[in-house]
Amino acid sequence: MLGDTHFDTKFPYSTSPDPMSDLFFLQSVKSFTEIIRYAARNGFDILHAGDFFNEGSIGAPELAIVIQLLQGLQNKGIQMYVNLGNHDTEFIDKIPASIESLAKMFPNIHVAERKSKWTVFPWYDYSVYMIPYCGEIKFNKVFEELMQTEIKSPAILCIHEDIKGVRMGSAQMKTGLSEDAFCDVAAKRFNMIVCGHMHQAYEATRSKVPLIVPGSTHAVDFRDEGIPKRFYEIIYSVASLGRIIPHEIDNQIYFKTIDAGDALKIEPRDLSKYFFRVRAPVGTDTALIKEKLGSSAGVEMEWGSRSVAPDLTGYERPKNVTMDEWLCVFAERKGYSYEDYEEARDLNKVLFDGK
């Protein structure tokens with residue numbers, strides 16, 4: 001069991017348009033390859049909880065490599081069942097080749113149907129119910145309708161939604177399904193609940209039924225800083241799901257935040273292990289830092305610091321202040337608390353329509 005592979009070379013921190021030179025695409029390939037090898041050695045199938053690609057921006061070079069990975073699954077006789085996440089559904093018009101279209105080439109790949117409220121796959125003695133991503137309001141209606149139908153037991157429920165309180169790396173989901181309330185209802189009909197979308201692996205037992213959030217297979221952004229990545233081995237029988245065994249994925253590229261003063265002390269061997277973010281106060285000469293760290297690092301200004309905060313008398317952003325600096329200071333003054341710049345940009349979209 002895994003989730004959120006996000007195959008792409010166009011993340012905000014991607015280091016190269018060449019997929020095999022980009023740290024993050026290369027890591028996604030390595031992680032998936034490790035899982036394929038483990039599945040092949042043990043005769044396992046794969047359950048993917050959604051977000052196979054990322055934001056519909058997959059290009060031909062990346063696609064060629066992904067097709068090779070899928071061919072490897074077929075050659076090894078591995079069946080893969082894939083739910084559709086928000087990145088598989090919201091960007092469908094932009095995706096030149098979705099996992100749905102690729103599945104038509106490979107009879108061993110089974111993908112949830114976009115136009116159906118849910119898809120049921122027979123899996124040995126179990127039935128796997130997959131509800132593609134549809135957002136909390138619509139999901140609640142679909143889930144309520146599903147619970148009123150006849151569930152082919154024993155059954156596994158696989159969804160791709162926000163669960164309030166579950167961590168998205170260092171950030172915590174502030175909205176979404178109520179974990180206890182949702183699991184209490186689902187546990188009446190299902191033997192296991194699997195949820196993609198959140199990138200930090202998480203497991204719990206709710207109403208005597210396991211809830212598994214597999215997390216992403218590689219670090220996606222700075223909310224993943226220092227967080228191990230996993231896949232899960234499920235030992236099943238007719239009577240029960242038996243054991244659930246987490247496996248950490250080896251040789252990860254990790255995000256790491258450092259101060260500008262420490263940037264020049266980085267050892268060369270660390271450049272292949274970390275993608276650095278350097279907290280540099282406004283006015284810092286970053287040229288030497290960039291030369292030292294090269295494409296392995298992002299150099300970001302330390303926005304939101306009280307000591308360097310610009311004076312914002314109105315909503316207009318001063319010309320010498322970056323959007324990120326301005327948003328974070330504005331957020332502080334309005335009483336918001338944001339942990340990373342992605343959420344600051346979300347604030348920008350909400351308040352000012354992105355302008």
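Modeller: Helix H5 passes helix H6 in a left-handed crossing (the near helix is turned anticlockwise from the far one by less than a right angle; clockwise would be right-handed). The model is predicted, so to speak with limits: local features need pLDDT of at least 70, side-chain atom pairs count only at pLDDT 80 or more, and totals for chains, interfaces and linings use all residues. Numbering starts from 1 along each chain as its sequence is written, and side-chain values use heavy atoms, with hydrogens and water left out.

H5 covers residues 136-147, and H6 covers residues 179-186. Helices (H or I, at least four residues) and strands (E, at least two) are DSSP runs, numbered from the N terminus. The axes of H5 and H6 come within 11 Å and cross at roughly 25 degrees. Here axes are lines fitted to C-alpha atoms, for helices over the stretch in contact, and angles run from 0 to 180 degrees between N-to-C directions. The crossing angle therefore makes H5 roughly parallel to H6 (under 35 degrees; over 145 is roughly antiparallel, 65 to 115 roughly perpendicular, the rest oblique).

Now the side chains. H5 brings Phe 139, Phe 143 and Met 147. They meet Phe 182, Val 185 and Ala 186 of H6. Contact means heavy atoms within 4.5 Å. This contact holds 6 nonpolar residues, no polar and no charged ones. Ala, Val, Leu, Ile, Met, Phe, Trp, Tyr, Cys and Pro count as nonpolar, Asp, Glu, Lys and Arg as charged, and the others, Gly among them, as polar.

Glu 145 forms a salt bridge with Lys 117, with the closest N and O atoms 2.7 Å apart (the term needs a side-chain nitrogen of Lys or Arg within 4 Å of a carboxyl oxygen of Asp or Glu). Glu 145 sits in H5 and Lys 117 in the loop between E3 and E4, so the pair ties together parts 28 residues apart in sequence. The whole structure has 6 salt bridges.

Next, the sheet. An open sheet of 6 strands runs in the order E4-E5-E6-E11-E13-E12, with mixed pairing. Pairing requires at least two DSSP bridges between two strands. E4 (119-123) and E12 (202-206) stand at the edges with a single partner strand each, so one side of each has no neighbour in the sheet. The twist averages 20 degrees from one strand to the next. E12 pairs with E13 (residues 209-213) in the antiparallel sense over 5 bridges. In that pair, Ala 204 stands opposite Leu 211. H6 packs on this sheet, touching E6 (155-160), E11 (192-196), E12 and E13. The direction of H6 makes about 60 degrees with that of E12.

Two backbone details sit in loops. The peptide bond from Ser 153 to Pro 154 is cis, with omega near -5 degrees. Pro 154 lies in the loop between H5 and E6. His 197 lies in the loop between E11 and E12. Phi of His 197 is near 105 degrees, a positive value in a residue other than glycine.

For reference, take another helix pair. H1 (residues 23-42) and H2 (residues 60-75) pack at about 5 degrees, with their axes 11 Å apart. H1 and H2 are therefore roughly parallel. H1 contributes Phe 25, Val 29, Phe 32, Thr 33 and Ile 36 to the contact. H2 contributes Glu 62, Ile 65, Val 66, Leu 69 and Leu 73. That contact divides into 8 nonpolar residues, 1 polar and 1 charged.
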